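Please look over the sequence and the structure, then read the points below.

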Amino acid sequence: MKIGEIVIDPPILLAPMAGVSNRAFRAISRSQGASLCTTEMVNATALAHKSAKSYWLMELDPGEAPVGIQIAGSDPDLMAQAAQQAERHGADLVDINMGCPVKKIVNNGDGSALLKDEDSAVAVVEAVVQAVKIPVTVKMRAGWDHDSITAPRLAQLFEKAGAQAITLHARTRSDQYVRPANWDFIRQVRERITIPLIGNGDVETPEDAIRMLETTGADAVMVGRASFGDPWIFRRIAHYLMTGEHLPPPDAYERARMALWHLERMVEIKGEAAAIPEMRKQLAWYLKGTPGSAEFRKRTQTLKLKAEAESLVHEWLDHARNEELTWT
Ligand SMILES: Cc1cc2nc3c(=O)[nH]c(=O)nc-3n(C[C@H](O)[C@H](O)[C@H](O)COP(=O)(O)O)c2cc1C
């Protein structure tokens with residue numbers, strides 16, 4: 001798949017996720033086969049107010065490519081400015097958020113609220129497309145609720161306005177994260193657009209990825225939560241797409257090594273005081289799914305220091321090896 005001149009191969013993407021898809025996790029995901037990674041959502045209004053956090057969210061690793069910066073907002077001028085900043089920061093593409101269901105966001109008319117305001121949604125896409133030279137993509141849900149499945153029509157309008165790819169998270173705003181996602185929404189969008197379509201929602205296994213591609217006509221899959229503590233999912237999907245065969249899951253050593261690298265990188269990026277609280281959930285995810293790991297996961301919740309976190313991972317590794325475990 002190509003978005004503009006950007007080659008996305010294998011067709012597997014890391015989802016933009018607030019609090020997760022930072023520089024450290026994007027580097028990890030890319031190393032495991034995610035062909036395109038996108039930053040956490042950057043709020044265009046906060047950026048206009050020169051919020052330090054927004055600048056931080058836009059920071060990219062040297063040489064990080066291809067990478068998208070995601071922006072959120074409903075004011076076309078502010079969104080155009082945010083897109084230009086994203087371009088200056090080195091983004092290969094700018095992604096517009098039309099899926100965020102969070103009250104604080106939708107009450108401002110941003111995120112998934114744009115799905116019920118066609119004029120504003122199109123105005124935002126037009127303004128952003130005109131503001132930058134890099135490709136513009138839109139990540140959207142299917143609609144505000146099941147009485148208003150607006151994504152197929154909006155996607156068509158966005159294509160006309162110059163968007164170069166659409167990601168469809170196959171749920172409505174009213175669904176929040178209720179399972180299962182309805183992949184038929186992806187198929188409905190496919191029927192209306194010719195630009196690349198990325199399917200998203202509940203891809204958890206290589207088989208899910210193939211099934212999504214085959215049943216919806218999507219060109220690529222985007223993986224979010226299934227990558228928590230398991231960035232190897234990208235490699236497993238890629239391998240399965242290419243060969244029809246399964247790669248073995250990572251062993252305890254590989255998991256511990258990745259957890260420690262993630263920790264190290266987060267401390268470099270954010271400093272110990274901010275990184276460790278954020279790494280608690282990440283470490284708990286890496287240590288999940290092994291007999292006796294509940295106790296270790298519980299202990300992640302009170303970690304304060306990098307050295308403590310490292311000791312805990314080593315202790316878990318000894319425990320896991322003693323159990324002579326493999327993971328499926
Ligand atoms: C913790 C978390 C944060 C998220 N933040 C964003 C975000 O900043 N921008 C966005 O477009 N979607 C965001 N999402 C939605 C995901 O990108 C994705 O659409 C959703 O999780 C469904 O995919 P999955 O079933 O593979 O997880 C977030 C999801 C989660 C779980």
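In helix α10, the buried residues are Trp232, Ile233, Phe234, Arg236, Ile237, Ala238 and Tyr240. The model shown is a predicted one. The protein is divided into domain 1, residues 2-243, and domain 2, residues 252-322.

**Helix α10**
- Helix α10 covers residues 232-243, twelve residues in total.
- From its first C-alpha to its last, α10 reaches 16 Å, close to the 16 Å expected at 1.5 Å a residue.
- Gly244 follows α10 and has a positive phi, near 75°.

**Domains**
- The centres of domain 1 and domain 2, taken over C-alpha atoms, are separated by 29 Å.
- Contact between the domains involves 15 residues of domain 1 and 14 residues of domain 2.

**Ligand surroundings**
- There are 16 residues around the ligand, and those that come nearest are Gln70, Asn200, Asp202, Gly224 and Arg225.
- Arg225 also has a polar side-chain atom 2.7 Å from an oxygen atom of the ligand.
- For Lys139, an N or O atom in the side chain is 2.8 Å from an oxygen atom of the ligand.
- For His169, a polar side-chain atom lies 3.3 Å from an oxygen atom of the ligand.
- On its own the ligand has 600 Å² of accessible area, and the protein covers 86% of this.

**Asn22**
- Asn22 sits in the loop between β3 and α1.
- Asn22 counts as buried because its relative accessibility is 2%, and buried means under 20%.
- Leaving out residues up to four places away in sequence, Asn22 touches Glu40, Trp56, Met266 and Glu278.

**Gln85**
- Gln85 belongs to helix α4, which runs over residues 76-88.
- With a relative accessibility of 17%, Gln85 also falls under the 20% cut-off and therefore counts as buried.
- Leaving out residues up to four places away in sequence, Gln85 touches Leu47, Tyr55 and Met58.
- One of these, Tyr55, is 30 residues from Gln85 in sequence, while the two are 9.3 Å apart in space, C-alpha to C-alpha.

Terms used: Residues are numbered from 1 along each chain as its sequence is written. This is a predicted model: local features need pLDDT of at least 70, side-chain atom pairs count only at pLDDT 80 or more; totals for chains, interfaces and linings use all residues. Side-chain values use heavy atoms; hydrogens and water are left out. Helices (H or I, at least four residues) and strands (E, at least two) are DSSP runs, numbered from the N terminus. The expected span of a helix is 1.5 Å times one less than its number of residues. Buried means under 20% relative accessible area, exposed over 50%, partly exposed in between (1.4 Å probe, protein chains only). A residue is near a molecule or strand if one of its heavy atoms lies within 4 Å of it. A polar contact is a pair of N or O atoms within 3.5 Å; within protein, one must be able to donate a hydrogen and the other to accept it, and residues adjacent in sequence count only if both atoms are side-chain atoms. Accessible areas come from the Shrake-Rupley method with a 1.4 Å probe; for residues, only the protein chains shown count as cover. Domain bounds come from an automatic or database domain assignment. Contact means heavy atoms within 4.5 Å.
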